[in-house]
Amino acid sequence: MSDDCIQVLEEDSSENIWIGTIRGFYVMDTLNVIHTISDSDKVFANSKISDISADSSRANTVWMATDCHGVLKAMYTDEGIKVKPYTIEGKRNVTQFVSVYADSNGMVWAGSAHDGLYFYDQEGDCFNRVDTYAFLDGK
């Protein structure tokens, strides 16, 4: 990590520091020990992390915007770092996100590079595109 370009830093609710780089991410715990992702999640090791947002409604959890793997939900546990990717497949096939924000109401918002704003649907465990007109009308 010493020669990596640090893109973003974020502290979660347990005071762990998440470090997003142009080649993946790391977590520094409260003892200043730096952890990397597990071998099973190495596919994300080369993702450029453009944004990180701590989720105040989910302990030890952050959301990350990446350049090619969509939005990542990452959890730091005693067993290591668990990662779940979210991409928009099908007609849109959106994988490039530039911003992510977990608000105080438990909503997660993600800005794509070329396809507008998305929100996390907790029931469907997926991201859906915000239809600006319907959203403004309260639908």
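Contact here means heavy atoms within 4.5 Å. By that criterion, Asp-103 touches Ser-56 and Trp-109, residues up to four places away in sequence not being counted. The structure is a predicted model, in which local features need pLDDT of at least 70, side-chain atom pairs count only at pLDDT 80 or more, and totals for chains, interfaces and linings use all residues. Residues are numbered from 1 along each chain as its sequence is written, and side-chain values use heavy atoms, with hydrogens and water left out.

Asp-103 lies in the loop between strand S9 (97–102) and strand S10 (108–112); strands are DSSP runs (E, at least two residues), numbered from the N terminus. Its side chain joins that of Trp-109 through a polar contact of 3.1 Å, a term for N or O atoms within 3.5 Å, where within protein one must be able to donate a hydrogen and the other to accept it, and residues adjacent in sequence count only if both atoms are side-chain atoms.

Strand pairing requires at least two DSSP bridges between the strands.

| Strand | Partner | Bridges |
|---|---|---|
| S1 (residues 6–11) | S2 | five |
| S2 | S3 (residues 24–28) | five |
| S6 (residues 61–66) | S7 (residues 71–77) | five |

Four of the five residues of strand S2 (residues 17–21) are buried, so this strand is largely enclosed by the rest of the structure; buried means under 20% relative accessible area (1.4 Å probe, protein chains only). Ile-6 stands opposite Thr-21 in S2, and Ile-19 opposite Tyr-26 in S3. The hairpin of S2 and S3 has two residues between the strands.

Key
Buried < 20%, exposed > 50% of the residue type's maximum accessible area, 1.4 Å probe, protein only.
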